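Here is my note on the charged pairs in this model. Please read it with the structure open.

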Amino acid sequence: MAKKIYFQKDMECASLEDMRKLQSEKLIKQVQHVWDNVPYYKAKMTEDGVCPEDIKSIDDLYKLPFLSKADLRDAYPYGLLGVPKKECVRIHSTSGTTGKRVIGFYTQHDLDLWADCCARALVAAGATSEDVVQVSYGYGLFTGGMGLHDGSHKLGSMTIPMSSGSTDRQIMFIRDLEATVLCCTPSYAAYLGETMAEMGMSPDDIPLKAGIFGAEAWSEEMRRDIEKTLGIKAYDIYGLTELSGPGVSFECEEQTGMHINEDHFIAEIIDPDTGEVLPEGAEGELVFTSLDKEAFPLLRYRTRDICRLSRKKCSCGRTLVKMDKPKGRTDDMLIVKGVNVFPSQIETVLINHGYAANYVIIVDRKFNTDSLEVQVEMTPEMFTDSVPEIESRQRELVDGLKAMLGIKAKVTLVAPKTIERSEGKAKRVIDKRNI
């Protein structure tokens with residue numbers, strides 16, 4: 001029997017014409033649903049002078065107003081709910097920017113479609129019903145655990161609901177239960193590989209063949225490091241609590257971008273300053289419209305993620321548009337001395353110089369002048385007490401970072417295991433400026 005490479009081939013390989021027709025039909029229906037059931041968004045449409053009759057196809061999408069994190073805060077908790085509370089069967093939540101949490105609501109229909117999206121991601125990573133999927137994302141309010149959990153169930157794979165933490169037990173279950181697919185944050189995957197090496201284990205000692213890693217930014221250099229230490233192929237996955245969770249887009253075997261599930265989400269790239277829709281291939285802010293969500297139907301939601309879209313033919317056969325791995329975010333991008341700095345740029349320099357992805361970026365401001373410091377762990381192999389050698393390595397990184405960023409950063413090398421480990425999202429940036 002030929003290996004299954006699609007979960008829902010009709011949608012994953014649909015022609016552009018058929019997909020646009022489907023998106024237009026769904027968009028018209030969704031706009032009417034929001035107009036009828038979400039007074040908050042209806043008011044925004046009215047303010048912009050647009051009504052459902054103005055939306056005749058996806059070509060009219062630009063007429064609709066944007067939604068942002070500020071709207072989610074202002075409408076908290078139920079202001080953007082699109083169905084009666086009694087029809088909601090679950091919520092998920094993530095931290096907000098002002099203390100109030102972002103809450104996503106789900107009907108059973110919403111959960112079923114989300115599971116389909118995650119099942120597509122698993123199949124694209126080579127999973128089948130014969131695989132054992134270990135889900136090591138956090139469970140609970142965080143979307144990561146439940147999303148991949150339900151996707152694995154949909155696929156028919158045996159699912160290990162590990163959640164995060166208990167690293168020794170994670171490794172034990174991978175070995176004893178013969179887990180073949182690992183789902184967690186990339187920083188935790190790196191930590192698992194690091195812990196295995198300390199235990200004297202090699203990739204040959206575990207049955208893993210693939211990993212699906214998301215929920216935080218990670219570089220191509222970090223991908224290669226994880227693939228080497230765990231002996232797997234590492235796939236990226238993208239999602240937001242506001243839209244559903246992981247599975248909005250996913251990587252295939254080509255690993256050159258993440259296919260967006262266009263039958264459920266319309267993606268746009270806009271100029272983050274003007275809101276103008278940019279052409280394919282242009283870099284800008286990613287905006288999503290959910291076409292099927294009943295409980296939390298967001299239209300033109302500004303993600304703040306910076307990336308590009310491409311319809312270049314993919315070797316996997318999927319016709320779904322691809323998004324690049326986000327370069328950074330407009331709201332967590334650091335501006336230091338007037339220069340845009342993304343943590344992923346710093347990580348690239350560090351890993352290219354042989355350092356593991358264990359670092360902290362500290363930004364401060366003294367006497368009206370910004371300062372940038374990067375604290376970096378030395379690997380056990382390079383650890384030394386020699387001050388001249390440490391200073392030499394620090395100068396190399398200072399030069400490498402200046403070449404990448406265009407500004408000078410202070411670099412402090414610290415001993416292995418000095419920087420606190422994370423079992424969830426790694427905290428990379430400490431900004432001490434009051435801005």
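**Notes on the salt bridges**

1. Glu268 is buried, with a relative accessible area of 8%. The model is a predicted one. Buried here means under 20% relative accessible area.

2. What does Glu268 meet in a salt bridge? Its partner is Arg300, at 3.0 Å from N to O. Glu268 sits in strand β10 (residues 265–270). Arg300 sits in the loop between β11 (284–290) and β12 (301–307). The two are 32 residues apart, so the pair links distant parts of the chain. Arg300 is buried as well, with a relative accessible area of 2%.

3. Lys44 forms a salt bridge with Asp71. The closest N and O atoms are 3.3 Å apart. Lys44 lies in helix α3 (residues 39–47), and Asp71 lies in helix α4 (residues 69–74). The pair therefore ties together parts that are 27 residues apart in sequence. Asp71 has 8% relative accessibility, so this residue counts as buried.

4. Arg433 pairs with Asp370 in a salt bridge, with the closest N and O atoms 3.1 Å apart. Arg433 is in the segment after β21 (429–431). Asp370 is in strand β19 (residues 369–377). This pair links distant parts of the chain, 63 residues apart. Both Arg433 and Asp370 are buried.

5. Arg433 and Asp370 also belong to a network of salt bridges. Arg365 and Asp431 are linked in that network too.

6. How many salt bridges does the structure hold? The count is 29. Those described above are among them.

Technical notes:
Residues are numbered from 1 along each chain as its sequence is written. This is a predicted model: local features need pLDDT of at least 70, side-chain atom pairs count only at pLDDT 80 or more; totals for chains, interfaces and linings use all residues. Side-chain values use heavy atoms; hydrogens and water are left out. A salt bridge is a side-chain nitrogen of Lys or Arg within 4 Å of a carboxyl oxygen of Asp or Glu. Helices (H or I, at least four residues) and strands (E, at least two) are DSSP runs, numbered from the N terminus. Buried means under 20% relative accessible area, exposed over 50%, partly exposed in between (1.4 Å probe, protein chains only).
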